[in-house]
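Student: Hi! I'd like to go through this one with you, a few features at a time. Ready when you are.
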Amino acid sequence: MATSRPLSSSSWRRSAMAMAMVVVLAGSVTGARGQLRMGFYDKSCPGVERLVGAFVRQHVDRVPTVAAALLRLHFHDCFVRGCDASVLLNSTAGGVAEKDAPPNLTLRGFDFVDRVKALVEEACPGVVSCADVLALAARDAVAAIGGPSWRVPTGRRDGTVSSMQEALDEIPKPSMSFKQLTDLFATKGLGVRDLVWLSGAHTIGIAHCSSFADRLYGHPGAGAGNDTTDPTLDAAYAANLRRRKCRAPSGGFAEDAVVEMDPGSHLTFDLGYYRALRKHRCLLQSDAALLTDPAARADVESVAGGPDEVFFQLFARSMATLGTVQVKTGAEGEIRRNCAVVNSPSN
Ligand code: HEM
């Protein structure tokens with residue numbers, strides 16, 4: 001029978017310290033994520049979620065491209081300093097903001113978020129954060145174009161710092177390998193499968209030809225000669241991009257031309273992305289990277305077979321996790337009145 005020996009005072013101190021560290025670490029994890037809760041504004045701003053939902057649905061019905069804009073904005077927000085609306089802040093004399101970092105120059109939807117926030121401010125001044133407005137609007141916009149919905153606990157606070165350099169360091173680059181992507185996602189508490197399912201967001205929206213130019217021209221993986229297209233890109237698809245979609249009227253390469261991420265259904269949230277991906281018809285190298293890992297590739301193959309609901313559930317679960325990354329809660333940050341500028345001390 002095992003007998004328990006009384007702890008010496010030094011080992012007691014060690015285990016007490018270890019226990020305290022566990023509590024502190026657990027506290028910092030739950031502190032970061034745990035204070036969000038469903039219906040956070042039920043008393044302070046009742047009806048705010050319905051207000052946001054109705055406005056978003058009404059506009060997305062008319063301009064469905066808004067959905068992709070909001071979804072990407074929310075993702076880029078959460079990857080830098082957590083989901084704290086730092087991506088919405090303007091640059092100031094004190095520093096260049098995230099919004100002006102190269103990977104964010106193609107973000108859209110800032111005006112739309114401002115409009116939703118203005119509506120919310122009218123109903124409940126100074127109560128609802130820009131970070132929550134963005135998280136709710138992104139969720140409702142995806143649902144409005146036929147995608148899934150997910151739980152968005154609220155109570156995020158807005159950050160007061162926004163740095164171009166941090167956006168450069170933390171936003172994933174389209175040229176990244178599978179390992180680079182999974183390493184970066186891991187720093188946000190997101191796993192390999194979150195990467196696979198969240199990449200499914202590329203079933204909607206557009207990309208500029210400049211974002212995948214190196215897959216069409218001068219790709220290091222291609223052999224010698226004139227044809228330097230990425231060999232992992234479907235040849236007919238690549239030819240169509242080179243000859244038509246990304247061709248300037250003058251005959252040169254049209255950097256600013258835009259191409260649908262999921263040809264044929266870029267306005268509908270569906271399995272088109274995975275079905276195109278398995279045929280090597282995806283625009284970004286970071287999309288193609290999913291096929292370079294056997295387990296991720298198997299996930300892509302299996303979800304592409306359908307039905308939609310399987311992907312929807314997996315995407316929704318990963319979105320719910322993304323929305324809690326490094327959030328500020330409680331007394332941290334502030335509730336910005338104007339999403340583009342921090343509150344002045346007199347506010
Ligand atoms: C895995 C790493 C990712 C990389 C490297 C990446 C990169 C990109 C790039 C380069 C574009 C095209 C930008 C342009 O040229 O205009 C784009 C578009 C987009 N991305 Fe991602 N992305 C990633 C993951 C995600 C995730 C996780 C989401 C959302 C959950 C997302 C949502 C979108 C959407 C919706 C668009 C279309 C935007 C529009 O229509 O304006 N992306 N992404």
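Student: Where is P307 found?
Tutor: P307 sits in the loop between α13 (294-304) and α14 (308-322). Keep in mind that this is a predicted model.
Student: What kind of peptide bond joins G306 and P307?
Tutor: A cis one, with omega at about 0°.
Student: Switching to the ligand: which protein donor does the iron atom have?
Tutor: The iron has a single protein donor, NE2 of H202, at 2.1 Å.
Student: And where is the place of H202?
Tutor: H202 belongs to the loop that runs between α8 (192-198) and β1 (206-208).
Student: Back to the backbone. What is the phi of A85?
Tutor: Phi of A85 is positive, about 60°, although A85 is not a glycine. The residue lies in the loop between α3 (65-79) and α4 (110-123).
Student: Buried or exposed, that A85?
Tutor: Buried: the relative accessibility of A85 is 0%.
Student: What about phi of Q326?
Tutor: That value is positive too, near 45°, and Q326 is likewise a residue other than glycine. Q326 lies in the segment after α14. With a relative accessible area of 37%, Q326 counts as partly exposed.
Student: Last topic, confidence. What pLDDT does the protein average?
Tutor: The average is 90, and 87% of the residues score at least 70.
Student: Where does pLDDT stay under 50?
Tutor: Over residues 1-34, for which the model has 14 contacts beyond four places in sequence.

Notes. Residues numbered from 1 in each chain as written. Predicted model: local features only at pLDDT ≥ 70, side-chain atom pairs only at ≥ 80, totals over all residues. Heavy atoms only, no water. pLDDT = per-residue confidence, 0-100. Contact = heavy atoms within 4.5 Å. Donors = N, O, S within 2.8 Å, 3.2 Å for Na, K, Ca; no water. Helix = DSSP H or I, 4+ residues; strand = E, 2+ residues; numbered from the N terminus. Buried < 20%, exposed > 50% of the residue type's maximum accessible area, 1.4 Å probe, protein only.
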